[in-house]
Amino acid sequence: MKLLSSILLLLSVTTPIADAHRASSSSVASIPRRGDVRKRRGGVAFLKSNGASWTNDAKEVRGGEGGGTATMSSEMFNMVKALVGVGVLGLPAGIAAFGDAPSASIPAAILIATIGAIAGYNFSLLGRLCAMTGATSYRSAWEKSVGESTAWIPGSSCVIKTFFAILAYSMVLGDTFSALFKTIGMSVSREVAMIGLTLTVILPLCLLKNLSSLAPFSLAGIAAMLYMAVAMAIRFFDGSYASADSGLAMDLAESLRPTIGTKGASAVFSSNAFILICMLGTAFMAHFNAPAFYLELENNTLARWNTVVATSFTISILFFIGIAVMGFATFGGASNGFILNNYSTKDTLMGISRAAVAFALIFTYPLVFVGLRDGLLELLKVPKEERTDVKVNNFSYIILGLVTAVAMKMTDISFIMSFGGATLGNALIYVYPAIMLKSTVKNLGDDATTAQKLEVYLAMAFAALGIGMGCIGTKQAIGSL
């Protein structure tokens, strides 16, 4: 799988790109008209009328000095942490959407590896686009390559996708705390658990003015996911849920008990397989953070950047396959959209897993919520000087109230994953990066290298694939309601 990721990243090494930060800081006597060029050391710097620059230097393959201080190992850890989130908990249900026999996990693993490799390529591409244009964020990469007038498109997509993430968090927390209460003998509905948790814990955390103290707790997410993976493996191999009529499975509702049927590997050719494919568009979605990761990397040469991306995505792919296959192999066609719901509330091992995941989500929630709130304020063009504490708090009440109300009505997290992945996930991962690359190479004109021009075709092919998967996946996701 790492080989597959590396092959897709190969073009990034063969595409010569100059140091964008040096180019943007070069002194010029005057700003040339669009299309004018100025010679610089070993290459050509292109300036648009809005001052954005593109660079192309055949003698350099580094992506800019950048000034980042993060080591490769810390970048890998943080990138894996960003990728491995709540989305992985719905993947077993993605396999169950088209199969119910153990062999269905084989094509599912291949799909996870393939989609993950393509997502990794586009993640790398976004970093390289920052090197070419001098951009510092997903939105600014669009502004500097495509134009400022349409920058609201990726901007709004990022905000809405973040809304889906917060919605999924609330749904998971409601399910998890309802199950935890049952573990201690209390019957509390998911709706009551969700409202109580939101009012007493989530809201106060989201109103904090400084969230830096919460950052260390986000590291607990990786530990929680690792523990959950080990616990799921133990329960699969010890046979506690091997039969629907014995063991811990007897404590489950009929719809959650293991259901092993006959739809195996060949069932992947069903259109329902697109539900899993589009869920992966959510699971691998961290691309709006790619520019930040690129700029934070110390000595961010293309070789170092690609090594970080390929390694991080390979680790994440293996983790996704492990969780998806273990969950599906245990419960088959009955795999729930939130796989922990399939495990008995009397199962102490999985109860600890629920508590660990809940703890991690509670302290991650405000960090993501602030991104949603600030993103909405930017889209609404609210000046920073007008963002008083009272206005920001009132805005937070409205957003959190809306999220909680929707989460109370929706029970299937797999739908949120598949629908969100089919629409915004595919756009942010496949379509927008391809459009930005095409515009950037076009702006380079005759000075674009052959490798750059060929890479446009590859990126546009992935964009077309994303659009096709998105259309079918959206139809299947809605049809599954």
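Author: A helix here is a DSSP run of H or I with at least four residues, and helices are numbered from the N terminus. The model is predicted.

The empty space comes first. Rolling a probe the size of a water molecule over the atoms shows where empty space is left. In this structure there is one cavity of 30 Å³ or more. The volume of the largest cavity is about 40 Å³. Its lining is made of Ser170, Leu173, Gly174, Met194, Leu197, Thr198, Ile202 and Tyr365. Five of the lining residues are nonpolar and three are polar, with no charged residue. Two helices, α7 (152–183) and α8 (190–206), each contribute at least two residues to this lining. The most comes from α8, which gives four residues.

The partner α14 covers residues 348–379, and its axis comes within 8 Å of the axis of α7. The two axes cross at roughly 150°. An angle over 145 degrees counts as roughly antiparallel, so α7 and α14 are roughly antiparallel to each other. The crossing of this pair is left-handed. In the contact of α7 with α14, 20 residues are nonpolar, eight are polar and one is charged.

The crossing with α16 (residues 413–444) is described in the same terms: the axes of α7 and α16 come within 10 Å, and they cross at roughly 155°. That angle makes α7 roughly antiparallel to α16. Here too α7 passes its partner in a left-handed crossing.

Just after α6 comes glycine 147, with a positive phi of about 145°.

Most residues other than glycine have a negative phi. Asparagine 299 is not a glycine, yet has a positive phi of about 50°. This asparagine sits in the loop between α12 (290–296) and α13 (302–331). Its relative accessibility is 37%, and asparagine 299 therefore counts as partly exposed. Lysine 381, also not a glycine, has a positive phi of about 55°. The loop that holds lysine 381 runs between α14 and α15 (389–409). The relative accessible area of lysine 381 is 72%, so this lysine is exposed; the cut-off for that word is over 50%.

Other loop residues are hidden from the probe. Alanine 249 lies in the loop between α10 (220–237) and α11 (273–283). Because its relative accessible area is 0%, alanine 249 is buried. Along the chain, alanine 249 and asparagine 342 are 93 residues apart, while their C-alpha atoms are separated by 8.7 Å. In the loop between α11 and α12 is phenylalanine 284. Phenylalanine 284 also has 0% relative accessibility and so counts as buried. Its C-alpha atom is 9.5 Å from that of phenylalanine 320, which is 36 residues away along the chain.

Alanine 290 has its place in helix α12. With a relative accessibility of 0%, alanine 290 counts as buried. Between alanine 290 and cysteine 130 there are 9.3 Å from C-alpha to C-alpha, although the two are 160 residues apart in sequence. In helix α15 is leucine 400. The relative accessibility of leucine 400 is 4%, and buried means under 20%, so leucine 400 counts as buried. Its C-alpha atom lies 8.6 Å from that of phenylalanine 369, at 31 residues apart in sequence.

To return to the part requested: the largest cavity has a lining to which α7 and α8 each supply at least two residues. The helix α7 is roughly antiparallel to α14.

Notes:
Residues are numbered from 1 along each chain as its sequence is written. This is a predicted model: local features need pLDDT of at least 70, side-chain atom pairs count only at pLDDT 80 or more; totals for chains, interfaces and linings use all residues. Side-chain values use heavy atoms; hydrogens and water are left out. On a 1 Å grid over the protein atoms alone, a cavity is a set of points where a 1.4 Å probe fits but cannot get out, and a pocket is an open set with protein on both sides within 12 Å along at least five of seven lines; lining residues have an atom within 4 Å of a point. Grid points are joined across faces, edges and corners, and a volume is the space filled by probe spheres set on the points. Ala, Val, Leu, Ile, Met, Phe, Trp, Tyr, Cys and Pro count as nonpolar, Asp, Glu, Lys and Arg as charged, and the others, Gly among them, as polar. Axes are lines fitted to C-alpha atoms, for helices over the stretch in contact, and angles run from 0 to 180 degrees between N-to-C directions. Angles under 35 degrees count as roughly parallel, over 145 as roughly antiparallel, 65 to 115 as roughly perpendicular and the rest as oblique. A crossing is left-handed if the near helix is turned anticlockwise from the far one by less than a right angle, and right-handed if clockwise. Buried means under 20% relative accessible area, exposed over 50%, partly exposed in between (1.4 Å probe, protein chains only).
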